[in-house]
Amino acid sequence: MAEVIRMPKMSDTMEEGVIAEWHKQVGDVIKSGEIIAEVETDKATMDLESYYDGTLLYIGVKKGDAVPIDGIMAVVGEKGEDYKSLLEEGGGNGAAASNGKAEAPKEEPAPEKAVETATPTAEKAPAAPAAKSTEKINAAVVRMPKMSDTMEEGTLVSWQKKVGDKVKSGDILAEVETDKATMELEAYEDGTLLYVGIKEGEAVPVDGIIAVIGEEGSNVEALLARENGEAEPGVDAPEAAPAAKTEEAAASAEADKSTSVADSGERIKASPLARRLAEEKGINIDQVSGSGDNGRIVKRDVDEFKPAAKTEAAPAKAAEPAAPASKPEAQPAAAPANGDFVDTPVSQMRKTIARRLSDSLFTAPHFYVTMEIVMDKAMALRPQLNEVSPAKISFNDFVIKACAIALKQHPAVNSAWLGDKIRKYNYVNIGVAVAVDEGLLVPVIRDADKKNLSTISSEVKDFAGKAKDKKLQPKDWEGNTFSISNLGMFGVDEFTAIINPPDSCILAIGGIKKVAAFKEDGTVYPTNIMKVTLSADHRVVDGALAAQFLNTVKKLLEEPMSMLV
């Protein structure tokens, strides 16, 4: 029996998904679990798996089209099976017309409609699309993919192919440094590498053009111009720009409805997500400056857009001639130039650490709770466990296990602030901070409350090795609900950590230190103390709750056998 494949909700904030790539074609035999497509959500580009076995009978949306949540994307069933009744019952894919046909979504009508809205009396305005030739170009651009949920740009570490090389789908084109790891970039097209748009060491924003693959002799310049919304070489550009300028004042009242015409009459390049966000926020996307490839507007540009920026731009520009005189005063850091120093370019990882932790510290109201934990029994138990454990258990593993159990007992700590609601997680995924040369990575121990100490130890060591070798994958560092940072091995007694979004808490662990303690009769005896400090987001966790959580962790670590039963 044929089954409909609908657009799933891949994140809590997702409203629609854009088909980034189809990996299967109509007529292909697929199995449950196979990747059939890549979907660009509001946070990442993710794989879409099939949940059915059978033949791909129908594809309802084209590459690059947006589909709302639960919209019909495809149909899987037996070869030759009639599936049209399913489409009629399903009401289409939401991106197409109501009859469910794939032909309904078009790339050009929307911009044309926007042109008519912005310049209602201009007969020459629709001539802008006419600047494109009808030449068929058998080539495709390769764009910078979103390789992690926090990635905004990638740095090209090395090219594995050069212009003129034959490329097959699945071949490694290049190595890309993201904010968290160095990853391989695969080709999704067969053909010849016709064009390389960036050099090794250069950074490219997500969705920026980095290469072109296709048939030899293809018109690469025309393809790039077409992708960038520019007039193609050899094609006479229409005289739409003067007309657009002439009627700019008359169209200003409706300018916020147009997302495809700038003052020059050219099509605005913007991602589907950026357009949707601009519309939701009431922002005229014509006024937004794009930081993407060739001025392409991305989500970050809309988020950071300030309406006053345009009105202030003219005075700022007019003041430019006087600016050089004040520049020396604006650079006090450069004054001691007679000393020896080295300027190091900021890596993608360091940029992301700076941005995310700055956002966390200055957005989430942090407060801190410190507690001393007696580790005598844990120190006595550890050697016994290591005699039988397949992996060497560390004190850090004890802490991870204790926190996991405590989080199940205090679910309000295992939560996240989402603006208009607080989300309590029913699972416990603990992020463990791992130091690498470029900065810090936080791989995630999933369902830590259900794992024993030896399993936790094995996973932590495996992640630490992958982190240092830059082999962590996005699935390894996503989904944390609580984080732990340990500097005890560096001789640190205590410290405070910055909360790792989207968590509401992070536990900072100091080293174990032998100190003198006193019995009730006043006699002195040695004991081993470890200080821990919980950083909490006061929007989610209050002081009393933080203290209760730490007391539970303290009891578990001071009586470690209780974690084993």
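The model is predicted, so local features need pLDDT of at least 70 and side-chain atom pairs count only at pLDDT 80 or more, while totals for chains, interfaces and linings use all residues. Residues are numbered from 1 along each chain as its sequence is written, and side-chain values use heavy atoms, with hydrogens and water left out.

**The chain as a whole**

- The chain holds 15 helices and 26 strands; helices (H or I, at least four residues) and strands (E, at least two) are DSSP runs, numbered from the N terminus.
- Of the 565 residues in the chain, 44% are buried.
- Take the contacts between residues at least 6 apart in sequence: 62% of them join residues at least 24 apart, where contact means heavy atoms within 4.5 Å.

**Cysteines**

- The structure has zero disulfides, a disulfide being a pair of cysteine sulfur atoms within 2.5 Å.
- Cys 403 also has 0% relative accessibility, so Cys 403 counts as buried.

**How α12 meets α15**

- Two packed helices are described by the angle between their axes and the distance between the axes.
- Here, helix α12 (residues 395-409) packs against helix α15 (residues 543-558) at about 135 degrees, and their axes lie 9 Å apart. The axes are lines fitted to C-alpha atoms, for helices over the stretch in contact, and angles run from 0 to 180 degrees between N-to-C directions.
- That angle makes α12 oblique to α15; angles under 35 degrees count as roughly parallel, over 145 as roughly antiparallel, 65 to 115 as roughly perpendicular and the rest as oblique.
- The residues of α12 in this contact are Phe 398, Val 399, Ala 402, Cys 403, Ile 405, Ala 406, Leu 407 and Gln 409, and they meet Phe 549, Thr 552, Val 553, Leu 556 and Leu 557 of α15.
- By class, the contact comprises eleven nonpolar residues, two polar ones and no charged ones. Ala, Val, Leu, Ile, Met, Phe, Trp, Tyr, Cys and Pro count as nonpolar, Asp, Glu, Lys and Arg as charged, and the others, Gly among them, as polar.

**A buried glutamate**

- Glu 177 belongs to strand β12 (residues 172-177) and is buried, with a relative accessible area of 18%.
- Setting aside neighbours within four places in sequence, Glu 177 touches Gly 154, Thr 155, Val 157, Thr 182, Ser 347, Gln 348 and Met 349.

**Backbone points to check in loops**

- The peptide bond from Pro 501 to Pro 502 is cis, with omega near 10 degrees, and Pro 502 sits in the loop between β24 (482-486) and β25 (505-518).
- Asp 70 is not a glycine, yet its phi is positive, near 75 degrees. Asp 70 lies in the loop between β7 (66-68) and β8 (72-77) and is partly exposed at 46% relative accessibility.
- Asp 447, also not a glycine, has a positive phi of about 50 degrees. The loop between β23 (444-445) and α13 (453-468) contains Asp 447, which is partly exposed at 30% relative accessibility.

**An exposed loop residue**

- Asn 426 is in the loop between β19 (422-424) and β20 (430-432) and counts as exposed at 70% relative accessibility.
- Asn 426 and Lys 408 are 18 residues apart in sequence, and their C-alpha atoms are 8.1 Å apart in space.

Conventions:
Buried means under 20% relative accessible area, exposed over 50%, partly exposed in between (1.4 Å probe, protein chains only).
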